[in-house]
Structure formats: structure tokens, C-alpha cells
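Colleague: I'm new to this one. Could you walk me through it?

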There are 2 protein chains.
Amino acid sequence: MAGMAVRREGNDRPPATPSRRKPTINDVAQLAGVSFGTVSRVLNDAPDVSASTRERVLQIIKDIGYRRNRAATALVTSRSTSIGILSDGSPRFGPVGTLLALENVARKKGYAATVISVEKPYEESVQAALDSLDDTGVGGIIVIAPVVDMAAAVWNATCRVPVEMIAAGASSTPNVFTYSENQELGARLATQHLIDLGHRDIAHIAGSMDWFDGRVRKRGWEATLRDAGLEPGLCVEGDWSPKWAYETGLRLVREEKVPQAIFAASDHTALGLIRAFTENGIRVPDDVSIVGFDDVEGSDYFLPPLTTVRQDFNALALMSTEVLLGAMEGRDVDRTPIPPTLVVRDSARQASSRK
Amino acid sequence: MAGMAVRREGNDRPPATPSRRKPTINDVAQLAGVSFGTVSRVLNDAPDVSASTRERVLQIIKDIGYRRNRAATALVTSRSTSIGILSDGSPRFGPVGTLLALENVARKKGYAATVISVEKPYEESVQAALDSLDDTGVGGIIVIAPVVDMAAAVWNATCRVPVEMIAAGASSTPNVFTYSENQELGARLATQHLIDLGHRDIAHIAGSMDWFDGRVRKRGWEATLRDAGLEPGLCVEGDWSPKWAYETGLRLVREEKVPQAIFAASDHTALGLIRAFTENGIRVPDDVSIVGFDDVEGSDYFLPPLTTVRQDFNALALMSTEVLLGAMEGRDVDRTPIPPTLVVRDSARQASSRK
DNA sequence: GAAGCTTCCGTGAACGTTTACGGTACTTAG
DNA sequence: CTAAGTACCGTAAACGTTCACGGAAGCTTC
């Protein structure tokens with residue numbers, strides 16, 4: 001027999017370094033002179049354990065730094081203490097803010113958050129992501145789905161655990177329920193502000209119609225105008241980028257179609273517009289009033305400081321976690337969307353009397 | 001014989017509700033007519049299973065949608081398939097970009113990412129976060145520690161699994177090793193650019209010295225100047241906010257100490273500065289050249305478009321995951337930091353001949 | 001046609017918990 | 001003094017895997 005085995009020396013010696021091993025419930029039990037059952041009871045603060053014993057066990061636990069093995073617990077109880085967060089990969093402002101806030105409130109409720117992000121061909125990536133989240137044993141999933149295609153993929157996907165989608169203005173289905181901020185209201189606030197300032201010719205430089213945010217903001221703009229008896233003015237749809245907005249602004253200047261007032265679908269859109277106008281001697285807000293949406297960091301120091309709409313991501317996160325946990329635990333909770341607020345700065349001004 | 005108990009039929013009939021229950025390795029085995037051991041072998045594509053059997057098992061797995069229970073696997077192998085990401089709660093540009101990128105490459109390597117963020121009194125929150133990450137069974141932890149206090153907390157904390165810290169210019173300790181981008185180089189690039197443009201009076205409007213980024217960027221500025229035989233000019237330390245920068249800019253104007261050229265510690269800092277100068281008739285870049293740092297979204301559409309330094313978060317994430325995984329698996333990998341790049345736009349210009 | 005290899009597969013134990021059940025020792029009532 | 005509680009606590013089984021062993025065929029080889 002060819003002598004050369006050796007290579008795989010692994011027989012049965014995991015505890016090479018006994019120190020490094022994580023203490024188990026048995027270690028605690030032994031030290032405390034009780035059975036592991038008793039330790040388990042104090043861990044889950046169940047009844048049927050005397051005060052003195054409880055005390056002693058607790059002390060030992062602290063001393064040796066025992067921590068309950070979550071995998072083992074999950075295995076036997078098959079209920080979980082974590083939620084999954086599914087996000088698209090874009091580092092755009094909204095999604096990221098939501099993500100962080102979400103983790104925060106989940107943790108405060110005793111849930112760990114495992115996140116996963118998906119990319120462009122959503123059909124497969126979303127289902128795969130949902131599956132692997134399921135694998136890790138999450139009890140529920142929140143998906144941040146700003147773009148329509150992604151939401152569609154979520155609707156078509158199947159998943160054992162409850163799925164909640166944060167998507168502005170999208171509708172719930174039997175499988176996945178939806179929650180969001182009331183961005184349409186945000187758009188209404190912005191547009192109304194412009195109307196209140198005396199403007200009549202109010203354009204919308206929109207975001208991408210592939211995004212819920214883009215659709216909903218446009219809808220809000222349009223509806224407000226109609227409600228006020230005004231005809232919706234110019235509307236051009238873009239892609240959120242300052243670059244596109246800049247070029248659009250340039251075109252407007254060239255064609256002499258610069259409107260009196262503009263509701264820009266995002267702060268970055270506003271940024272591009274402002275540059276295009278300013279470079280051509282058209283002053284904001286003197287010649288054209290602009291209000292943005294997002295209140296990104298720094299928007300208060302744009303030139304001019306931007307009047308814009310702010311969403312409350314913390315409130316959003318709080319509510320939506322509440323809603324998900326409710327679904328997981330069989331409760332039913334209120335689901336009215338969060339209202340954004342208008343923050344008034346210097347980029348929109350009273351309409352001049354001319355016209 | 002007893003006409004059918006019904007109620008709890010569970011002796012060996014798991015499929016009470018065949019639908020909702022998650023299939024196990026045993027279900028697969030039964031359907032395939034093999035033992036669970038064999039199924040396990042095909043799952044881990046171990047040898048010792050015939051092609052035909054493998055085929056059949058694989059098919060069944062697909063048919064009934066079996067997915068391996070991670071908790072059970074983790075329990076028995078005690079090696080993990082997830083990493084923890086610890087971040088500070090700030091939605092500042094750098095940290096968030098890193099976070100997303102990190103998850104992305106981790107997933108591509110087959111690891112799930114559970115994230116947790118900590119807040120201000122770091123001493124306790126960091127240790128708690130590390131612990132609860134450990135609880136969830138991560139194999140290693142990457143902490144994004146932009147601020148010095150947080151890093152200190154990490155240094156003082158104890159943790160069983162490898163901890164890697166992403167902190168610009170911080171040093172490694174026995175317990176936690178550090179990795180980062182070479183931000184000092186970034187600062188040097190920016191400063192050198194200004195020198196090359198012919199400027200001699202180059203100030204630094206710095207970030208917060210509570211942040212590594214602030215410290216390192218200042219150091220780079222100072223070193224470059226000295227290397228060029230120039231005396232470092234004005235340096236004032238702030239807090240990254242456009243607001244503070246704006247006020248600082250105003251003060252400079254009032255005291256008539258506006259320098260010829262400025263290396264701003266961040267794009268947002270630059271933003272505040274620019275507004276202060278512009279509002280007072282001091283033109284950028286005609287009267288003062290400014291270069292920023294970060295290349296935040298939209299900085300190409302500031303007024304003027306900002307010359308700045310861009311970090312490659314994807315590369316950072318790729319490398320640091322590589323490094324962590326290396327540590328977890330006992331490999332040793334290269335750890336040279338990533339170089340940022342200078343992106344030249346319009347906010348810095350050739351020095352005028354005067355002076 | 002028995003010895004020795006391969007190749008494939010089944011079995012049992014273990015991982016660290018939770019949970020239901022059972023048991024002891026004390027207390028109290030009759 | 002016995003019966004029935006009560007207050008504690010121990011035990012066994014189960015959760016869904018992985019892994020080391022061992023064993024049964026089938027194929028060579030003499």
C-alpha cells in the first residue's frame with residue numbers, strides 16, 4: 001500500500017487550541033453545577049428556576065463570556081431573529097438613506113440585518129437574492145425597489161417569508177405588500193409652492209420614468225396644476241443625472257423655451273439646470289424659479305441655495321420595519337404613508353409682474 | 001385497523017402540509033431513493049457518487065426547490081459563510097460607497113453580508129456590535145472606521161474572529177489589521193496640481209481632525225508643500241460641512257485673507273467656500289483656484305465644475321474583502337493601498353502673473 | 001474462484017440549542 | 001402520618017446538516 005497518505009491529517013482534533021473555543025451552554029452548566037436545561041431556562045428567562053440559581057448562572061455567563069449560538073437556536077426553533085434588506089446597487093440618495101435607517105431600527109427591535117444588493121438584469125438576480133436571503137434564515141424581507149423593473153421582478157418572484165417593498169406609489173399584491181413615502185404629496189408641495197409664488201408657466205424637468213420616484217413626482221406636478229385650473233406646461237423626462245439636466249437646460253436656452261418656473265425632479269437635476277442657465281446669463285431665481293427634490297447634502301449651499309423637498313427616511317424606516325415585523329408576527333398595523341416636507345430656500349421667488 | 005387517526009399523523013410523515021414546510025435533505029433522499037448521506041455528498045460535490053445518482057439527486061433538488069439550511073450547516077461545520085460589516089451611522093459619501101461595494105464583492109465570493117451601524121458613544125456600541133456580529137456567526141468583520149474615536153474603540157475591543165479596519169492612514173495592531181486607500185497620495189495629487197499651475201500661496205481648508213480622512217489629507221497637503229520647498233500656507237480645520245466652510249469663506253473675505261489657491265478637504269467644503277466667494281464677487285477659478293476631494297455626485301455640475309480627487313471604492317472593497325478572506329482562510333495577501341486619481345475640471349486655473 | 005481493488009453508498013455520531021415531560025424534595029392540609 | 005401540591009431541576013429527543021467509517025457489490029488478476 002502506497003505509503004503516502006499523510007496529506008489529509010484531519011482525524012478528530014478540532015480543539016487544537018482549547019482556549020479559542022466558544023463556550024457552550026454545557027460549559028456554563030458544568031461551572032454552575034446545574035444541568036444545561038437549567039441554563040437554557042435562565043437564558044430564555046423561563047420560570048422554574050430559583051433566584052439564587054439564576055443569579056449564579058448569570059454570573060458565570062458573564063465571567064466566561066458565554067454567548068448563545070444563534071445557529072443552534074435558529075435550527076431548533078426555526079424562528080429567526082434577522083431580517084433581510086434587498087436594495088438595488090445604485091448609490092443614489094434615497095435608497096442609501098433608507099438602508100441605513102432600516103438597519104438602525106431593526107437592530108433596536110432585536111433583529112440583525114443582512115443586506116444584499118442586486119444589479120441590472122433584475123429578473124434573475126432578484127429571485128436569486130430573495131432565495132439566498134431566505135437561506136440565511138431571515139424572517140422577513142424588505143426590498144428597496146426604486147425602479148419599476150426591479151419591482152416587477154419582485155412581484156414575479158416567490159418567497160416563503162413575508163416580503164415588503166418600499167416603492168413609491170406602487171401597489172400591493174397578495175405576495176408582497178408595499179409601503180412608501182408619499183412622494184406625490186412632495187411633488188404637490190413643490191408645485192403648489194411655485195403656484196403660490198404667482199407662477200403660471202410651471203415646467204417639470206422630470207426624472208426617469210423607469211423609476212417610481214420619477215413617475216410619482218411627475219404625477220404630483222401634473223395633478224396640482226390641474227387642480228389649480230392651470231394647464232401643465234413643458235415636461236421633459238430624463239435620467240436624474242446633472243449631465244442630462246445640464247444639456248436639457250442648454251437646449252431650452254437655445255430654443256428660447258426657458259419657462260418661468262421649474263419643478264426639478266431631483267436636486268441633481270436642479271443642479272444641472274442651474275449651471276446651464278447661469279452660464280447663459282439667465283439668473284436663478286431672478287429669471288427662473290426652481291425647486292428641487294431630495295435635499296441632498298450640500299443643497300443648502302448650492303448657488304443659489306436650493307428650495308427643495310425633504311423626505312424623512314428615519315420615519316420611513318421606522319414605519320416600514322414596524323409593518324414588516326407586524327406581518328411576521330401576525331399583527332396588523334397602520335400603513336399610511338409618510339408625508340415629506342417642503343424646505344424653502346432661495347431658488348424660487350415671487351413671480352415678477354411682467355406677463 | 002383503527003380507521004385513521006388523523007390528528008397528529010406525525011410518526012414518520014413529515015408532509016403534513018407538504019407545501020409550506022421547507023424541504024430537507026431527507027426529503028430529497030427519500031424521493032431519490034438514496035440515503036441522506038449521498039445527498040449530502042452531491043451537495044458538497046464530494047467524490048464517491050455515481051454520475052447517474054448525482055444527476056437524479058440534482059434533478060430532485062431542483063424540482064422540489066430544496067435549499068440547504070445554513071443554520072444547520074453552520075452548526076456542524078462551525079465555519080461560516082458570511083462576513084460582518086460594521087459602519088458608522090453617518091451617511092457621508094465615503095462610508096456608504098464602501099459599504100455597498102463591500103457587500104457586492106463579498107456576495108460574489110459566496111459570502112453573505114450582515115451589516116450593523118454604530119452611533120456616537122462608541123466605546124460601548126462598538127463592542128456590542130462586534131459581539132452581536134459574532135453571534136450571528138460571521139467568519140470575519142470589516143469595520144469602516146472613518147473617525148478616530150471609533151477606531152480607538154475597535155482597537156480596545158475584543159473579538160474572536162478576524163477584524164479588518166478600513167481607516168485611512170491608521171496603523172495595524174495585533175488584533176486588528178488596517179487597510180485603506182492612499183488618501184495622502186490623493187491630497188498630494190491635489191496639492192501638486194495647484195503647484196504645477198504655478199500657485200505658491202496654497203491654503204488648506206481642512207476637514208475634521210476627528211476623522212482619519214481629515215488628518216491624512218492635511219498631512220498630504222503639508223508634505224507636498226514642504227517637498228516643493230514651499231512654506232505651508234493658511235490651514236483651518238473644520239467639520240466637513242458646507243455650512244462651516246461657507247462661514248469660513250466669509251471670514252476669509254472679511255479679513256482679506258483669501259488665498260491664491262485652496263485645497264479643500266472635501267467637495268462639500270469646496271461648495272461652501274465657492275458660495276462664500278461668489279457671493280462676494282470673488283470669482284472661482286479666476287481669482288482663487290480650488291480643488292476638492294471626493295468627486296461626489298454632481299460635483300461635475302457645480303459652479304464651476306469642480307476639480308477634485310476620486311477614490312475607487314470598488315477597488316477598495318475588492319481588495320479589502322480579499323484581505324479579510326485571506327485572513328479568515330489563513331492565506332496572506334498583498335496589502336498595498338489603492339491610489340486615488342485626480343480629476344481635472346474647471347475650478348483650478350493657471351496662476352495669474354501678478355505676484 | 002479467491003484475494004484484493006475500486007466504486008459507490010448507508011450509518012451513526014456530533015454540532016448547541018429548545019421543549020416537553022418526568023422526577024425529587026419539600027411544604028401543607030387533613 | 002399520608003396524600004396532594006408546589007417549586008425546582010434533570011433528561012431525552014429533535015432540528016438539518018457534515019464527516020468519518022464501514023460494507024456491499026463489481027472488476028481485475030493470478
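Predicted model: local features only at pLDDT ≥ 70, side-chain atom pairs only at ≥ 80, totals over all residues.

Colleague: What pLDDT does chain A average?

Modeller: The average is 88, and 92% of the residues of chain A score at least 70. pLDDT is the predictor's confidence in each residue, from 0 to 100. For residues 1-19 of chain A the value is below 50, and that stretch has 1 contact in the model beyond near neighbours in sequence. A contact here is two residues with their C-beta atoms, placed from the backbone, within 7 Å.

Colleague: OK, and how can chain A be laid on chain B?

Modeller: By a turn of 180 degrees plus a shift of 0.1 Å along the axis, giving an RMSD of 0.2 Å. The two copies are thus related as by a two-fold rotation axis. The superposition is by least squares on the C-alpha atoms of residues with pLDDT of at least 70 in both copies.

Colleague: Which residue of chain A comes closest to that axis?

Modeller: Thr114(A), with its C-alpha at 2.0 Å.

Colleague: How many residues of chain A are in contact with chain B?

Modeller: 41 residues of chain A, facing 41 of chain B. Elements of chain A that each supply at least two residues to that side include H4, helix H5 (93-108), strand E2 (112-118) and helix H6 (122-135). Helices (H or I, at least four residues) and strands (E, at least two) are DSSP runs, numbered from the N terminus. By class, that side of chain A has 16 nonpolar, 13 polar and 12 charged residues. Ala, Val, Leu, Ile, Met, Phe, Trp, Tyr, Cys and Pro count as nonpolar, Asp, Glu, Lys and Arg as charged, and the others, Gly among them, as polar.

Colleague: And why do the copies meet through the same surface?

Modeller: Because 98% of the interface residues of chain A are also interface residues in chain B.

Colleague: How do E2(A) and E2(B) run?

Modeller: They run antiparallel, joined by 3 bridges, and Val115(A) stands opposite Ala113(B). Two strands pair if DSSP finds at least two bridges between them.

Colleague: Changing topic: what order does the open sheet of 4 strands in chain A have?

Modeller: The order is E7-E6-E8-E9, with parallel pairing. Strands E7 (235-236) and E9 (289-291) of chain A stand at the edges with a single partner strand each, so one side of each is left without a neighbour in the sheet. E8(A) and E9(A) pair over 3 bridges, with Ile262(A) opposite Ile290(A).

Colleague: How many residues surround DNA strand D?

Modeller: 27, the closest being Ser35(A), Gly37(A), Val76(A), Ile25(B) and Asn69(B). H4(B) provides the largest share of the surface near DNA strand D, 5 residues.

Conventions: Residues numbered from 1 in each chain as written. Chains lettered and ligands numbered in written order. Near = placed C-beta within 6 Å.
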